[in-house]
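User: I'd like to learn how to read rings, strands and helices in a model like this one. Can we take it feature by feature?
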Amino acid sequence: MVQKYQSPVRVYKYPFELVMAAYERRFPTCPLIPVFVGCEVTSEFTSPDGAVSLKERRCKLNVEAPYLIKKIIGVDHVYFIQKNNLDRRNRTLHIEAYNESFASRVVVVEKCRYFVHPENPDWTCFDQSATLDIKSFFGFENSMEKLAMKQYSQNIAKGKEIIEHFINELKKEGVVYIPPWQEPEDGSAAAEEERAQTANDSSGDFALGASASNISAALPSPPMLSPSAESQFELDTDYIQRYLGELSLIQESSLVQLRKWVADLQKGKVPSDSTLLRFLRARDFNVEKAREMLSQSLIWRKKHQVDRILSEYQIPQVVQDYFPGGWHHMDKDGRPLYLLRLGQMDVKGLFKSVGEEGLLKLTLHVCEEGLQLMEEATRTQGKPVSTWSLLVDLEGLNMRHLWRPGVKALLRIIEIVEANYPETMGRVLIIRAPRVFPILWTIVGTFIDENTRSKFLFYGGNDYQGAEGLENWIPEQYIPDFLGGSCRPNFPVEPGSVPFSMFDTWEDSTYFTTMVQEGGLVPKSLYMSEEELGKEGCPLTEDSIYHCVTLGRGQVHEVLISNDDPGSVITWDFDVMRQDVMFTVYRTRVPVMLHTATGPLQTIQQMNPLATDPEHRSVIEKSWREGQDYFRVEAPVVCHDGESIQGSHVTSHVGTYILQWKFHCNHPLDIIDSITAHKAQVMYYYEQLRSSDYRGSMSSLQSAHSGISGKSTRSGTSSCPSR
C-alpha cells in the first residue's frame, strides 16, 4: 500500500531571501540532521540574469535500522537524488527528491516548496508532500514501511528548527536582511531572448523550455494549487496549535488530505477543521475510513436538513417544562458542560408526548448547540476546545427508566449520534448511581463507542462530594445546589437559544445559576394519541410487547416465572386502564399447578408463563401457609385508574416467582358495583434479565430489592417512591 504524507503550511516570519540563505547552510552536511551524512553537487545551472538557479545533489544518508535488516540488505548507507529549482524572480523554491538506492524495490518521492506568504511579503511559507511505495524488500515490507515513516516523521519535525537555527547564525554574523532579486537594467527583449536561448541550450534534466518564465517547470512541482488559490484550504501550523491543538506530523498530514478531499468534493460549504479532526480521531486517523464516515454523515445532514435545526427547531412546551437537562456553564478544562438529571426524567411521559422523532430532534438540537458552544469557547479562551462534558445525575433512577420502548428509542438515538457527532464527548460524570444502573448500562453501554466509554467516570452514593469528586472536574461555583454546591436554580433560557454569556457575562456575576429544569412526571393529558404517534412514524407502539387483561370482582391475573438463576432481575411495567388493582410479587418453592381450560393440571415447566386459569383463580392453594409454602417478596400496592407502574425485583432463590394483579375494591359490599359488574383492565409487560448480563458492574446492585419503583397518574400529581 502506498503511504502518503501531506504537510500543513509552516510559516517562517522572515523574508524569503533570508530563509534561502539559511537553507543553503544545510549543505554539504548538517550536524543537526544525524542521518544526513553529506552530499555532492552533480549538476548546476544559473540563468544569465541570475533569476533562476537549478542544482542537483546526490545525498548520502545513514541507514537507521535494526542490525538484522542492515545485515540482510548489505549496506550502511543509501543515496537520494535532490533537485532544487530556485526562482528568485517569483521568490519560490521547488525541491524534488527521490531514492537512487533500491529503486526497483522501493519508490520514495518527496516534493517541497518555499514561497512568499500570500498576505505578508515579508514572511515565507513551506509545505511538502511525500509518497512511499515498498514493492518488495526481502520479506521485510511491513517493517520497512513503519521504520521509514517513523524516521521521516522525526526528520520533518526538525525541519523548522534547523531553519530557525541557521537564521540565528546569520543574525549573529550581522546578516538580518538580504535584498530581493532585481531585474537587470538592460532587461530588453533581446536580453530576454538570450536568457531563453541559454536555458534551451542547457543540457541534462534542466532543459528549461522556450522562456525563462517557464523555468519553474523544470522540476515537477508538488501536487498543490498556487498560493492564492489554495489559501481557502491550506492549514498553517500556528493555526493548528491555536484552534485544533497539538497534532503529530502524521495527524497533520491526515487532516490536510481530508480537508483537500472535502474542498474538492463539496464545492461549497466545507465542514470546519475541528469537525474533520473529530472524524479522523474516530477512525484512528485513517484517511480513507474517516472519509467514508464523513461522507455518510454529510449525506445524512443534507437529507434531514440538520444545518437548519438551530434556526428552525422550536422546543415543544412539554420539553421546556419537563425535560431535566440543559447547558450549565463549563468544567475546569473550559469545556461546555451539559447537565442531565436522568433520574428525574419521565422517559415514558416525554416519549408519549413528543414521540421518538421529537426526542431525536431534541438530541440533535443539543448536539448542534454543543458544537456552537465549543467554537465559542475556542474563540474566547485562547485555546482549542473540541469536546464538551456531560454530568448525569441518576438520583431517582429506577426500573421506570427501563421502559422498553424508551430504551429502544435511546439506542437508536445513540447510534445516530455516534455516527454523526464522533469524538465530541470529553468527559462523562455519572453521579449518585443506584443499584439499578448496571442494568441500564449493560443495555446501553454496548452501543457506545469504546473510546467514548473510556471517558466515563462513575460515582456511587455520595462519593461525588469527596476530595476526588465533582470539585476535581467542575469549578466550585458551578456545582448545583442540589449536589451540595452554591449554583442556584433559575428560569430556563429562551427556547431554542444558546446563552452567549456562558463564557463571559456569567463569569462577572456575584453568584451563579443553573438553567436546568427539575423534571417530574408528564401529565397524561399531554400525551399524543396512538394515531398521532403513528403519524409521527413511531415504530415503538406497545401492541407487540404489551398484554392486556380484564379482571372482575374477586379475580386475579398471574404471570408465573420459573427461575433457575438466583441474582437475575424480574422487571415489570404496566398501566391501569380502568378501576383499581392490587399488585403483589410472590415466590413459592413447591410445585405450581395450573388448572387449564381443558381440565388437566399442568406444572409450570409444561406451560407458557402467560397461560392462566380461565376463571382467573390464583395458583396459590388455600392450604398453603405464607412463610412456609410461599413468600411475599414485594409488598402489595394498590394501583389506581390511570396510573403507570414500573418496578423490579432481584431474585435470590431458585423457584417460581408470581406477578399477581388482583381486582381491588374499597367497598366490598357496594351493591351497585356488584350489579354493574365493573371490571378492571391492565396493560402490562414484564422481562427477566439474566444475572450474567450485569453481575459485577456495581456491587450495590446486589444489596436490596427495589419494590415498586415509580407510578404516575393522568394528572401527573401523585408518585410512589422506590421501596
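This is a predicted model: local features need pLDDT of at least 70, side-chain atom pairs count only at pLDDT 80 or more; totals for chains, interfaces and linings use all residues.

User: Let's start with the rings. How many aromatic pairs does a search of the whole structure find?

Analyst: The general idea is that you describe a pair of aromatic rings by the distance of the centres and the angle of the planes. Searching the whole structure here turns up 19 aromatic pairs. Take F27 and F36: their ring centres are 6.2 Å apart and the planes stand at 90°, so this pair is edge-to-face.

User: And are F27 and F36 buried or exposed?

Analyst: Buried means under 20% relative accessible area. F27 has 14%, so F27 is buried, and F36 counts as buried at 10%.

User: What about W327 and Y338, how are their rings arranged?

Analyst: W327 and Y338 are edge-to-face too, with 5.0 Å centre to centre and 85° between the planes. This pair links distant parts of the chain: W327 belongs to strand 9 (residues 325–330) and Y338 to strand 10 (residues 336–340), 11 residues apart. W327 is buried at 7% relative accessibility, and Y338 is buried at 5%.

User: Which residues do ring pairs link into a cluster?

Analyst: The cluster is made of Y12, Y23, F27, F36, Y114 and F126.

User: Now the charges. What lies over the face of F27?

Analyst: That's R57, at 3.6 Å from the ring centre of F27. There is a second case to look at: R58 has its charged end over the ring of Y79, 4.0 Å from the centre.

User: On to strands. What order do the strands of the open sheet have?

Analyst: The general idea first: in a regular strand the side chains alternate between the two faces of the sheet. In this structure, an open sheet of four strands runs in the order 17-24-19-22, with antiparallel pairing. At the edges are strand 17 (556–563) and strand 22 (630–639), each pairing on one side only. From one strand to the next, the twist averages 15°.

User: How many bridges join strand 17 to strand 24?

Analyst: Eight, between strands that run antiparallel; strand 24 covers residues 655–664. For one of the partners, look at V559, which is bridged to L659 in strand 24.

User: Which strands pair with strand 25?

Analyst: Two to look at are strand 16 and strand 18. Strand 16 (residues 547–551) is joined to strand 25 by five bridges, running antiparallel. Strand 18 (residues 569–578) pairs with strand 25 over nine bridges, also in the antiparallel sense. Strand 25 (residues 680–689) is mostly covered, with seven of its 10 residues buried.

User: Last one, the helix. How far does helix 13 reach from its first C-alpha to its last?

Analyst: Helix 13 (residues 404–420) reaches 25 Å with its 17 residues, close to the 24 Å expected at 1.5 Å a residue.

Conventions:
Residues are numbered from 1 along each chain as its sequence is written. Side-chain values use heavy atoms; hydrogens and water are left out. The expected span of a helix is 1.5 Å times one less than its number of residues. Rings of Phe, Tyr and Trp (its six-membered ring) pair if their centres lie within 6.5 Å; planes under 30 degrees apart count as stacked, over 60 as edge-to-face and the rest as tilted. Buried means under 20% relative accessible area, exposed over 50%, partly exposed in between (1.4 Å probe, protein chains only). A charge sits over a ring if NZ of Lys or CZ of Arg is within 6 Å of the ring centre and within 35 degrees of the ring normal. Two strands pair if DSSP finds at least two bridges between them. Axes are lines fitted to C-alpha atoms, for helices over the stretch in contact, and angles run from 0 to 180 degrees between N-to-C directions.
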